[in-house]
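Hi,

Here is the structure I promised to pass on to you.

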Amino acid sequence: MAESDWDTVTVLRKKGPTAAQAKSKQAILAAQRRGEDVETSKKWAAGQNKQHSITKNTAKLDRETEELHHDRVTLEVGKVIQQGRQSKGLTQKDLATKINEKPQVIADYESGRAIPNNQVLGKIERAIGLKLRGKDIGKPIEKGPRAK
């Protein structure tokens, strides 16, 4: 064997994994098998252009009990949305795209499972041209000057 100098150390090894490779499921499992500390965190709704959050309604539904229940959209409103959408020749997905919501939101409103949100109802009203709030549900929206 060759003489070794204690002051000089030569280490030969491969380059470490890139950031994308280090985050892969395989890399995480391999690190766990080696017994290394692995910290993973899931980012909710990351990379989406969300203008409002639905988490408030979701939290309310989780706390719901028999004596405390939340108002849902009536089936009458759901039928008006469905008829208005079909009269315009739109699918649920088309309407959702038009108002910048998910198709599931439209499906929930049409089936009466959704908790009413005035922002969403306003968008749907403008898209289908029918009133969904107040006493004139199902009547066409009058397009006139707005009073300030």
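What follows is a short tour of what I found, going from the overall fold to single residues.

Please keep in mind from the start that this is a predicted model. The protein is built from 7 helices and 0 strands, so the pattern along the sequence reads α-α-α-α-α-α-α. Of its 148 residues, 23% count as buried. Among contacts with a separation of 6 or more, 46% are made by residues 24 or more positions apart.

As background, nonpolar side chains in soluble globular proteins tend to be buried together.

Leaving aside residues up to four places away in sequence, Leu-132 touches Val-77, Val-80, Ile-81, Leu-121, Ile-124, Glu-125 and Ile-137.

Helix α4 spans residues 75–87 and helix α7 spans residues 118–128; their axes come within 9 Å and cross at roughly 35°. The crossing is left-handed. On the α4 side the contact is made by Val-77, Val-80, Ile-81, Gly-84 and Arg-85, which meet Leu-121, Ile-124 and Ile-128 in α7. By type, the residues of this contact divide into 6 nonpolar, 1 polar and 1 charged. If you wonder about the spacing within each helix, an α-helix has 3.6 residues a turn, so residues three or four places apart point the same way.

There is also an annotation to look at here. UniProt places a short sequence motif, the "IQ motif", at residues 81–88. In the model that span is 88% helix and 0% strand, and its end C-alpha atoms lie 11 Å apart.

Next comes α6, at residues 103–111. Its buried residues are Val-105, Ile-106, Ala-107, Tyr-109 and Glu-110, and they pack against α4, α5 and α7. Just after α6, Gly-112 takes a positive phi of about 85°.

Now to α5, which covers residues 92–98 and contains Ala-96. Is Ala-96 buried or exposed? Ala-96 counts as buried because its relative accessible area is 0%, and the cut-off is under 20%. Setting aside residues up to four places away in sequence, Ala-96 touches Glu-101, Lys-102, Pro-103 and Ile-106. Ala-96 and Ile-106 are 10 residues apart along the chain, yet their C-alpha atoms are separated by 6.4 Å.

Asn-100 has a positive phi of about 60° although it is not a glycine. For comparison, most residues other than glycine have a negative phi. Asn-100 counts as exposed because its relative accessibility is 63%, and the cut-off is over 50%.

Best wishes

Methods. Residues are numbered from 1 along each chain as its sequence is written. This is a predicted model: local features need pLDDT of at least 70, side-chain atom pairs count only at pLDDT 80 or more; totals for chains, interfaces and linings use all residues. Side-chain values use heavy atoms; hydrogens and water are left out. Axes are lines fitted to C-alpha atoms, for helices over the stretch in contact, and angles run from 0 to 180 degrees between N-to-C directions. Helices (H or I, at least four residues) and strands (E, at least two) are DSSP runs, numbered from the N terminus. A crossing is left-handed if the near helix is turned anticlockwise from the far one by less than a right angle, and right-handed if clockwise. Contact means heavy atoms within 4.5 Å. Ala, Val, Leu, Ile, Met, Phe, Trp, Tyr, Cys and Pro count as nonpolar, Asp, Glu, Lys and Arg as charged, and the others, Gly among them, as polar. Buried means under 20% relative accessible area, exposed over 50%, partly exposed in between (1.4 Å probe, protein chains only). UniProt positions are given in the numbering used here, feature names are shortened, and annotations may be inferred rather than shown by experiment.
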